[in-house]
Amino acid sequence: MDILERRIAQLEANMRQMQQELAELRQERREAGRTDEPQQTSHNMNPPPVDRQGYAAYGQPGIQGQPYPQQSMPGYPPNVNQNQPYQGQPPYAYNPGPRTPTPHQPEFNPYAYDRQQQGHTPPEPKPPVDWEHLIARVWLPRVFIVVLLLGVLWGFTAAVSAGYLTEPVRCLLGVVAAAVMYWLGERQLRSQREALGQVLLGGAVGVLILSVFAAHELYDLIPSGLAFALYILSIALCVFTALRRRSQTLMIIATVAGYLIPFLVHSTHPNAWVFTGYETVFSLAMIAVALKFEFRAAYFVAVGVLHLPLLIGYAAGDFGESRHIFIAAVFIQHAVLLGYAFFAPSLRRLDETLSLFPGYGIMALWIYTLYPFAEGSIHWRPLMLIVWALAYTLAAWGKHMQGQRAPVFAAVATSAWFLWTLDILDQSYSPAASIVVGTAGIILGLKLKSYMQQITAALVFFYGLSGTLFLVIHDILSAQTLSWVLLLIGIAVLAYVLRNTSELPISERLPDILMWADALLAIIFISQITNVFTAGLSYDFRHLVLSAVWALYAIAVIVCGIVIQRQMVRIAGIGLLFLTLMKVIIVDLPGVTVAVRAILFIGLGALGMVVSRLLYKRKNNAVPPISEETSIEP
């Protein structure tokens, strides 16, 4: 309230300042009118008639201007009929002569002036931070409510040690203390003390839950069923209060406390169905309430905190044979989130992304944790992964058919297909599968114009790229060869698609950069293939064959550049030819015989001459021939 009152006072001061400035402007116009009035006094006694275009200048033709205004404005007579002569006095500062703007205000219109005529209004200064309010009214009650609870707890402990309080009396005192704190919290909220009231209400719910816990777990005064019902009523009271007061803080407290209820109920035979069923239903209920009342922070707490009690319960209890029940709880929550994101209006794209994308990642961790390897007749892990991959693919396709953008669906589908391919294939084929999935995903992202999809697919492609670069080819027909071939094809396809895309995601030079990278990777690939073929030859012949293959590859690139008429491709081929020459000089010469040196230099020299002749011939063919009829002027 203090902040609101200060804001209102500041607004009133600004309005008074604006009224004062407006009055000064009007006073200046009146003074300007009185300055010109003596020159018009003799004429104002007998005002001239008015034609349809403006005022007549006392026997002169009417001034051509805008039509006379129809509305009643200061300085103009009301309800003027332009067909009748003017019967009043002209407005202020009327000058029958030609209008000349004043030096400081050109073409000043006193009734329709803009911001430049008004003058620039300085921006409203940011109010200073009220540290007294921040400390005394916000943080002080939050800190000292903890101090108060600690003092009450210690006093309670001292009274118990002295034998003054029996077990039932202790529990009843806790209930009475919770009721008093709740009443005080409501009273503080009605007095507009929001921070203090919310702290007292949250503390009341906490004291009530602790009292029920003491009566059930510590003193064994009430059975498990009654304790569970009292816990539910406490959470319901907190949720009711949070909704009535529109308090997201109380909603978060109720959500966290509700997740902890199964751990506060003593059970000699824990049941996995009851535990996971309660946690799942409670999570869905809190998600629905948070979405309906737009409690964003409470929504994320309801979505994310479910995994913590499930993990603790699975690790603490003997639920090794009930893993299907726990994974079903995770699947149900994620399916509800996916269904809401698909059918509900897409008003919170950021919330969908933050709940679905990390949610799928956590769900995948659950799958890999509970099902570490394939066992039995049914391979559960790849089956679960492909089910979610199909679900997100159908969701993305459905949104696309509806003409709506759903980038998170496509991105999660790409990640799901990536995990599934890694799971069903051998580890040696993982890079090849990643390259295929990443290439298809990047093309899809370019078509959908989704940066999220492009980034996700690019990460998958980079995983395949990094894995392929460290592969050494030992056999021609192997997974390593397949990965290298798919990598070269994938980069070429991406360069072609990007070259035909109107809006490039990064730079216009990206297709050329990809083609240069593809050419360099091709050198590594053909070098490994050549080494496999020449593994049984001598050292000299292996270097001779490798240099020859490099030279032939350079010739092939030059010829390709000539065919497609691309100068950069021809320059790349020439650069590869010079690279081959440097390789011969630096690597091959020190370790080969003189005869091999002669063969290398003769072959490279001949190839260089052939390339030069080929490019020279192409240049001559590019010049149009001159006919005999063409006249050549000196």
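My working rule first: I call it a salt bridge when a side-chain nitrogen of Lys or Arg lies within 4 Å of a carboxyl oxygen of Asp or Glu.

**Ground rules.** I am reading a predicted model, where local features need pLDDT of at least 70, side-chain atom pairs count only at pLDDT 80 or more, and totals for chains, interfaces and linings use all residues. Residues are numbered from 1 along each chain as its sequence is written, and side-chain values use heavy atoms, with hydrogens and water left out.

**Entry on Asp 423.** I looked up its partner and found Arg 381, with the closest N and O atoms of this salt bridge 2.7 Å apart. Asp 423 sits in helix α15 (residues 407-424) and Arg 381 in helix α14 (residues 380-401), so the pair ties together parts 42 residues apart in sequence. For helices I use DSSP runs of H or I with at least four residues, numbered from the N terminus.

Are these two residues buried or exposed? Asp 423 counts as buried at 18% relative accessibility, and Arg 381 counts as buried at 15%. My scale is relative accessible area with a 1.4 Å probe and protein chains only: buried is under 20%, exposed is over 50%, and partly exposed is in between.

**Entry on Glu 186.** How many salt bridges does the structure hold? I noted four. In one of them, Glu 186 meets Arg 244, the closest N and O atoms being 2.5 Å apart. Glu 186 belongs to helix α5 (residues 167-190) and Arg 244 to helix α7 (residues 224-245), so this pair ties together parts 58 residues apart in sequence.

I then found Glu 186 in a salt bridge with Arg 245, at 2.6 Å between the closest N and O atoms. Here too helix α7 and helix α5 are involved, so parts 59 residues apart in sequence are tied together. I wrote down Glu 186, Arg 244 and Arg 245 as a network of salt bridges.

Glu 186 is buried at 6% relative accessibility, while Arg 244 is partly exposed at 42% and Arg 245 is partly exposed at 27%.

Technical notes
Helices (H or I, at least four residues) and strands (E, at least two) are DSSP runs, numbered from the N terminus.
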